[in-house]
Amino acid sequence: WSSDVCSSDLSGFVSQSRYHAVIAILAVLTILGLINFLGNRYQIRLDLTETQLFTLAPQSQEILRTLPQPAKLWLFTREKNPEDQELLQRYGQQNPQFSFEYVDPQTRPGLAEKFGVNDFGKVYLEFNNKHQFVQNVNENERLSEVKLTSQLQKIISNDSPKVYLLQGHGELEIANSKNPDNSMSQAIQGLTDNNFTPLPLSLTQQTTVPPDARVVLIASPKRELLPGEITALENYLNIGGNLMLMIDPNHDPKLDTLLKSWGVQLDNRLAIDITGGNLGLGPASPLITEYGQHPITQDFRNGISF
């Protein structure tokens with residue numbers, strides 16, 4: 001009797017296990033089918049890289065989200081680089097009003113003439129019947145998100161924030177920044193690429209900072225500022241202006257009264273690192289490998305800086 005009961009219980013257990021296995025398999029197949037359906041229909045993509053390598057910058061996302069009308073990028077080239085296409089697809093995923101098209105200027109001469117294109121590799125934006133050159137692309141130069149977003153913002157808004165560089169005290173000058181290897185030239189180009197307009201500013205020829213100044217930059221002054229200039233900068237800051245100072249050691253531009261109200265004090269002491277000598281850089285080039293938690297350094301991780 002007990003043997004029959006055990007056999008009956010075992011048979012029931014096996015049947016129940018098979019039932020649960022079938023249910024589990026069906027559930028997995030249903031989930032996989034649903035994922036495949038959603039993937040084909042909605043094209044959802046996740047960037048799982050630590051530094052969001054395949055995600056557009058916040059500036060690009062914001063401009064695309066607020067795109068008021070359709071914008072189209074024309075690439076006058078036969079070469080369809082996969083990296084460029086990947087970047088442009090990310091733009092389109094942010095807003096379907098953004099589109100792009102590759103064009104062979106030799107097979108569509110009318111369109112090439114419309115944009116003034118006479119060579120391969122030209123890239124243009126079209127928005128509201130306006131055309132804006134973006135950059136050249138070739139095997140050595142790929143499409144740049146910075147340049148594309150900058151030109152997209154420019155063609156949409158017709159407004160370029162202005163950065164004024166104070167002049168007259170031996171500062172680094174815009175006029176002397178034509179050499180591409182010059183650090184000031186690189187800074188000016190970086191501002192321009194990000195849709196800023198760098199302009200010179202002399203506070204001896206005008207008594208106030210222009211009201212359209214997004215920021216005033218004082219870059220490496222060698223002589224002290226006059227009291228009237230400092231007053232103009234104070235007034236500008238008091239109404240919400242922005243000031244960036246780049247002061248070299250052993251140069252005093254006499255900004256103490258301005259900085260004191262902001263809790264800032266210039267100090268001529270140097271930070272030295274005795275380990276820097278082992279790398280041939282000298283003690284005045286501290287070696288940095290840890291950066292703490294801050295948005296500016298969040299992508300540095302354990303990289304080396306001096």
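Predicted model: local features only at pLDDT ≥ 70, side-chain atom pairs only at ≥ 80, totals over all residues.
Q: How far apart are the end C-alpha atoms of H3?
A: H3 covers residues 82–94, which is 13 residues. At 1.5 Å a residue that should span 18 Å, and the model agrees, with the ends 19 Å apart.

Q: Which residues of H2 are exposed on the side away from its buried ones?
A: H2 buries Ser 60, Gln 61, Ile 63 and Leu 64. Down the axis of H2 these fall within an arc of 165°, so they line one face of the helix. That buried face packs against H3, S2 and H5. Over on the other side, the exposed residues are Pro 58 and Gln 59.

Q: Is Glu 126 buried or exposed?
A: Glu 126 belongs to strand S3 (residues 122–127). The cut-off for buried is under 20% relative accessible area. Glu 126 comes in at 16% relative accessibility, so it counts as buried.

Q: Which side chain lies 2.8 Å from that of Glu 126 in a polar contact?
A: Beyond four places in sequence, Glu 126 is in contact with Pro 70, Ala 71, Lys 72, Trp 74, Lys 114, Phe 115 and His 131. Its side chain makes a polar contact of 3.3 Å with that of Lys 114. The 2.8 Å polar contact is with the side chain of Trp 74.

Q: What is the bridge partner of Leu 217 in S8?
A: Strand S7 (residues 213–219) is mostly covered, with 6 of its 7 residues buried. S7 runs parallel to S5 (residues 162–166) over 4 bridges, and there Lys 162 stands opposite Ala 213. S7 also pairs with S8 (residues 243–246), again in the parallel sense and over 4 bridges. In S8, the partner of Leu 217 is Met 244.

Q: What is the hand of the β-α-β unit made by S7, H7 and S8?
A: S7 and S8 pair in the parallel sense, and the buried residues of H7 pack against S7, S8 and helix H8 (256–260). After H7 comes Gly 240, with a positive phi near 100°. The unit of S7, H7 (residues 227–238) and S8 is right-handed.

Q: Which exposed residues sit on the face of H7 turned away from its buried side?
A: The buried residues of H7 are Glu 229, Ile 230, Ala 232, Leu 233, Tyr 236 and Leu 237. Their arc, seen down the axis of H7, is 155°, so they line one face of the helix. The face turned away from them carries the exposed residues Pro 227 and Asn 238.

Q: What share of the chain's residues counts as buried?
A: The chain's secondary structure comes to 8 helices and 8 strands. Of contacts between residues at least 6 apart in sequence, 63% join residues at least 24 apart. Out of 306 residues, the buried share is 30%.

Methods. Residues numbered from 1 in each chain as written. Heavy atoms only, no water. Buried < 20%, exposed > 50% of the residue type's maximum accessible area, 1.4 Å probe, protein only. Helix = DSSP H or I, 4+ residues; strand = E, 2+ residues; numbered from the N terminus. Pairing = 2+ DSSP bridges. Right-handed = clockwise from strand over helix to strand, strands pointing away. Expected span 1.5 Å × (residues − 1). Contact = heavy atoms within 4.5 Å. Polar contact = N/O pair within 3.5 Å; in protein donor to acceptor, adjacent residues only side chain to side chain. Arc of directions from axis to C-beta.
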